[in-house]
Amino acid sequence: RANYWSVFDAIQCITTRRIGLISYMDLNWPKGIEFVYTPFVIYANLHSENYAKLEFGEDGNLIYIDRFENGELISKNVYDDRGFVSMNILYEDGVARFERYLNPDGVWKIQTDIHTGEVLVNPESAFYLGVDGEKKYSRGRYRCLEDILLEVFTEYLSHTDLNDIFSLAMDNNHYQICEQVLAKRKLLLSFYADRCNLEDTEIDGIISKANYIVTDRRSNMAKLRRKGLQN
């Protein structure tokens, strides 16, 4: 229930925080589609061929829809629990090639080339949500996802106070950015379940700089203590 800021919400121009329900039956399916139900997934068949595969979470919420053409996977829609498609993964010859991050209206904001890491900004929607409104990106292309995250994160930090305490949900992805831009800030690190691999020695730097650490498991507490954190 606590207020939070999400760099990807800023990039994707997402403002809603409410959980949203979406029914797969309300999606735009082609005429003649037939659904085959199994204990784990739902298959959507068209003219006796696999058209899509639907996967659901523990609460019955839609998570993924894989789309097939001539028996080959061509795309995957990733659904946000707020009730819209958050990411579209495009495949070439059955191999993931591009990741498109979408806004709630289905307009792609940035596209990542999975092979090269390069990020392309949609020239028709080349802005993100800053603290005081829409901000134009400084470039149309970025070397990698970390570069664009750094730009958006830095803009957000420019509106904060030096005495603010930052609570980070620790994850092995992009923690380097947090360590870089929050080097002189007060940090509270949160370790939940297996979200962060505590055996990774590369996270020791940001852990050593933390002012506070919270964890949900005694096993995680023991691993942190082995890293020299006694309190």
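**Stop 1: the cysteines**

Select cysteine 144 and show its side chain. In this predicted model, the closest cysteine sulfur to that of cysteine 144 belongs to cysteine 178, and the two sulfurs are 15 Å apart. A disulfide is a covalent bond between the sulfur atoms of two cysteines. The cut-off used here is 2.5 Å between the sulfur atoms, so at 15 Å the sulfur of cysteine 144 is too far from its closest counterpart for a bond. How many disulfides does a search of the whole structure find? The count is 0.

Is cysteine 144 buried or exposed? Cysteine 144 has a relative accessible area of 12%, and is buried. Now select cysteine 13: it is buried too, with a relative accessible area of 15%.

**Stop 2: the whole protein**

Zoom out and switch to a cartoon view. The protein has 5 helices and 15 strands. Its C-alpha trace spans about 60 × 45 × 35 Å along the principal axes. Of the 231 residues in the protein, 38% are buried.

**Stop 3: the sheet**

Select strands S1 to S9 together with S12. These form an open sheet of 10 strands with antiparallel pairing, in the order S1-S2-S3-S4-S5-S6-S7-S8-S9-S12. Which strands lie at the edges? They are strand S1 (34–37) and strand S12 (141–142), each of which pairs on one side only.

Within this sheet, select residues 95–102 and 108–113. The former are strand S7 and the latter strand S8, and the two pair in the antiparallel sense over 5 bridges. While you have the side chains on display, follow them along a strand. In a regular strand the side chains alternate between the two faces of the sheet.

**Stop 4: the salt bridges**

A search of the whole structure finds 12 salt bridges. Stay with S7 and S8 for one of them. Aspartate 113 forms a salt bridge with arginine 97, and their closest N and O atoms are 3.1 Å apart. The pair links distant parts of the chain, 16 residues apart, with aspartate 113 in strand S8 and arginine 97 in strand S7. Aspartate 113 is buried, at a relative accessible area of 10%.

Next, select aspartate 9 and arginine 82. These form another salt bridge, with 3.0 Å between the closest N and O atoms. Aspartate 9 is in helix H1, while arginine 82 is in the loop between strand S5 (72–80) and strand S6 (84–92); the pair links distant parts of the chain, 73 residues apart. Aspartate 9 is buried, with a relative accessible area of 8%, and arginine 82 is also buried, at 13%.

Then select aspartate 194 and arginine 217, whose side chains meet in a salt bridge (3.3 Å, N to O). Aspartate 194 lies in the loop between strand S14 (186–191) and helix H4 (204–209), and arginine 217 in the loop between strand S15 (212–215) and helix H5 (218–226), so the pair ties together parts that are 23 residues apart in sequence. Aspartate 194 counts as exposed, at 62% relative accessibility, whereas arginine 217, at 35%, counts as partly exposed.

Finally, select Lys53, Glu55, Asp66 and Lys76. Salt bridges that share partners join these residues into one network.

**Stop 5: a hairpin**

Select residues 127–130 and 133–136. These are strand S10 and strand S11, which pair in the antiparallel sense over 4 bridges. A hairpin of 2 residues joins S10 to S11. Leucine 129 stands opposite glutamate 134 in S11.

**Stop 6: the largest pocket**

Switch to a surface view. Rolling a probe the size of a water molecule over the atoms shows where empty space is left. The largest pocket has a volume of about 1,100 Å³. To find it, select Trp5, Ser6, Ser167, Leu168 and Ala169, which lie nearest its centre among the 27 residues of the lining.

Which elements supply at least two residues of the lining each? They are helix H1 (7–12), helix H2 (145–157), strand S13 (165–169) and helix H3 (175–181). S13 gives the largest share, 5 residues. Colour the lining by residue type to end the tour: 17 of its residues are nonpolar, 6 are polar and 4 are charged.

Definitions and conventions:
Residues are numbered from 1 along each chain as its sequence is written. This is a predicted model: local features need pLDDT of at least 70, side-chain atom pairs count only at pLDDT 80 or more; totals for chains, interfaces and linings use all residues. Side-chain values use heavy atoms; hydrogens and water are left out. On a 1 Å grid over the protein atoms alone, a cavity is a set of points where a 1.4 Å probe fits but cannot get out, and a pocket is an open set with protein on both sides within 12 Å along at least five of seven lines; lining residues have an atom within 4 Å of a point. Grid points are joined across faces, edges and corners, and a volume is the space filled by probe spheres set on the points. Ala, Val, Leu, Ile, Met, Phe, Trp, Tyr, Cys and Pro count as nonpolar, Asp, Glu, Lys and Arg as charged, and the others, Gly among them, as polar. Two strands pair if DSSP finds at least two bridges between them. Buried means under 20% relative accessible area, exposed over 50%, partly exposed in between (1.4 Å probe, protein chains only). A salt bridge is a side-chain nitrogen of Lys or Arg within 4 Å of a carboxyl oxygen of Asp or Glu.
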